[in-house]
Amino acid sequence: MAKVITLGEVKKHNSDKSVWMVIHNDVYDVTSFLEEHPGGPESLLEVAGEDATGPFEDVGHSADARELLTKYKIGTLPPSERTKDVESCCRVKSKWKKSSSNLKWAILALAGAVVIGIALKKYLS
Ligand code: HEM
């Protein structure tokens with residue numbers, strides 16, 4: 001079972017000597033990753049000791065980056081400090097993705113219908 005670490009404990013690790021952060025209710029020690037981070041050490045230092053779920057998701061990190069996360073995980077927040085962000089973030093996102101791709105198809109179909117309409121009109125006149 002993952003070690004339980006409180007937000008209060010995470011907050012103490014907020015300098016380049018020790019950088020911990022929370023992402024989706026799990027705690028990560030990224031001290032050794034600072035210099036390797038493709039987004040630079042500054043972006044990690046900015047959120048050191050904090051919940052970095054929002055900034056992490058805003059960047060739109062790749063599947064590789066998410067895979068890398070597991071390497072730095074040191075624990076998880078206690079149940080009383082966990083937020084429901086995991087569910088809300090991802091469900092909303094996938095919903096939006098689905099509806100935006102539906103919209104894309106609807107626009108394509110409409111454009112196709114217009115082109116066929118124009119072609120037919122020309123052909124029949
Ligand atoms: C342990 C946590 C993190 C890991 C393992 C990680 C990993 C990575 C990786 C592998 C990339 C290369 C691009 C990609 O594969 O998506 C990247 C880019 C980047 N990351 Fe992170 N990252 C972490 C946390 C963060 C946080 C908390 C922030 C912001 C506060 C951040 C900001 C960025 C930025 C700005 C880039 C550059 C994007 C670009 O130039 O396209 N990262 N990160």
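Biologist: Leaving aside neighbours within four places in sequence, which residues is Leu44 in contact with?

Modeller: Leu44 is in contact with Val19, Met21, Val30, Phe33, Leu34 and His37, where contact means heavy atoms within 4.5 Å. Before you go on: this is a predicted model, where local features need pLDDT of at least 70 and side-chain atom pairs count only at pLDDT 80 or more, while totals for chains, interfaces and linings use all residues. Residues are numbered from 1 along each chain as its sequence is written, and side-chain values use heavy atoms, with hydrogens and water left out.

Biologist: Okay. Which residues have the most contacts inside the largest nonpolar core?

Modeller: Val19, Met21, Ile23, Tyr28, Val30 and Leu44, in a core of 14 residues. A nonpolar core here is a set of buried Ala, Val, Leu, Ile, Met, Phe, Trp, Tyr and Cys residues joined through side-chain atoms within 4.5 Å. Buried means under 20% relative accessible area, exposed over 50%, and partly exposed in between, with a 1.4 Å probe and protein chains only.

Biologist: And which element gives the most to this core?

Modeller: Strand 2, with 3 residues. Helices (H or I, at least four residues) and strands (E, at least two) are DSSP runs, numbered from the N terminus. There's also a second, separate core of 6 residues, including Ile5, Val10, Trp20 and Val27.

Biologist: Switching to the ligand: what are the protein donors of its iron atom?

Modeller: His37 and His61, each through NE2, at 2.0 to 2.1 Å from the iron. Donors are N, O and S atoms within 2.8 Å of the metal (3.2 Å for Na, K and Ca); water is not among the atoms, so sites may look incomplete.

Biologist: Where do those two histidines lie?

Modeller: His37 is in the loop between strand 3 (26-29) and helix 2 (41-46), and His61 in the loop between helix 3 (53-59) and helix 4 (63-72), so the pair ties together parts 24 residues apart in sequence.

Biologist: Is His37 buried or exposed?

Modeller: His37 is buried, at 12% relative accessibility.

Biologist: What about Ser62, how far is its polar side-chain atom from an oxygen atom of the ligand?

Modeller: That distance is 2.5 Å.

Biologist: Last one. Where is His24 found?

Modeller: His24 is in the loop between strand 2 and strand 3, and at 16% relative accessibility His24 counts as buried.

How values were computed. Polar contact = N/O pair within 3.5 Å; in protein donor to acceptor, adjacent residues only side chain to side chain.
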